[in-house]
Amino acid sequence: MNSHHCSVEECSEPSVARGLCWKHYGRRRRHGSVDVTKRRYRMPPECRFCGTAEPGAFYPSYKSVCKQCRKVQAIQREEMRVDALVDSAARR
Ligand SMILES: [Zn+2]
Ligand SMILES: [Zn+2]
């Protein structure tokens, strides 16, 4: 009889408890999930420009760019906008 197998897909271990093998049963008891290996961890914030990972260097709602680089970005955007205005004014 082969029906008592771990209910986790891709797992062919015999089930020992609640339809799970020892490995997955233990995993579920410990972590609340059988696929803990696939669980996503919350990535710590890291600036994609300067690479800083200091917790205080980020705005709470903006985790991929630090405050400093965000400021630089904003200034650059502003300068580009001014350049474009000057450009279009000069062409008149
Ligand atoms: Zn299993
Ligand atoms: Zn940065």
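I started at glutamate 10, which sits in the segment before α1, the helix of residues 22-31. I note at the outset that this is a predicted model.

**Entry: positive phi**

I looked up the backbone angle of glutamate 10 and found a positive phi of about 70°, although the residue is not a glycine.

I placed arginine 18 in the segment before α1. I counted 10 other C-beta atoms within 10 Å of arginine 18, so arginine 18 is exposed.

**Entry: glutamate 13**

I stayed in the segment before α1 and went to glutamate 13. Glutamate 13 has 14 C-beta neighbours inside 10 Å and therefore counts as partly exposed. Which residues does glutamate 13 touch, leaving out those up to four places away in sequence? I listed Cys6, Cys21 and Lys23. I also took the C-alpha to C-alpha distance from glutamate 13 to histidine 24, and it came to 9.4 Å for a separation of 11 residues in sequence.

**Entry: tyrosine 25**

I moved on to tyrosine 25, which lies in helix α1. I found 19 C-beta neighbours inside 10 Å, so tyrosine 25 counts as partly exposed; buried would need 20 or more. Leaving aside residues up to four places away in sequence, I recorded contacts of tyrosine 25 with Val16, Ala17, Arg18 and Leu20.

**Entry: loop between the helices**

I looked up glutamate 54 and found it in the loop between α1 and α2. Glutamate 54 has 12 C-beta neighbours inside 10 Å and so counts as exposed. Its C-alpha atom is 8.8 Å from that of cysteine 66, which is 12 residues away along the chain.

**Entry: helix α2**

I checked the length of helix α2, residues 67-90. At 1.5 Å a residue, its 24 residues should span 34 Å, and I found the end C-alpha atoms 34 Å apart, which agrees. How many of the 24 residues of α2 are buried? The number is 0, so α2 lies largely in the open.

**Entry: whole chain**

The chain has 2 helices and 0 strands. I noted that 10% of its 92 residues count as buried. Among contacts in the chain with a separation of 6 or more, I found that residues 24 or more positions apart account for 2%.

How values were computed: Residues numbered from 1 in each chain as written. Chains lettered and ligands numbered in written order. Predicted model: local features only at pLDDT ≥ 70, side-chain atom pairs only at ≥ 80, totals over all residues. Helix = DSSP H or I, 4+ residues; strand = E, 2+ residues; numbered from the N terminus. Contact = placed C-beta atoms within 7 Å. Expected span 1.5 Å × (residues − 1).
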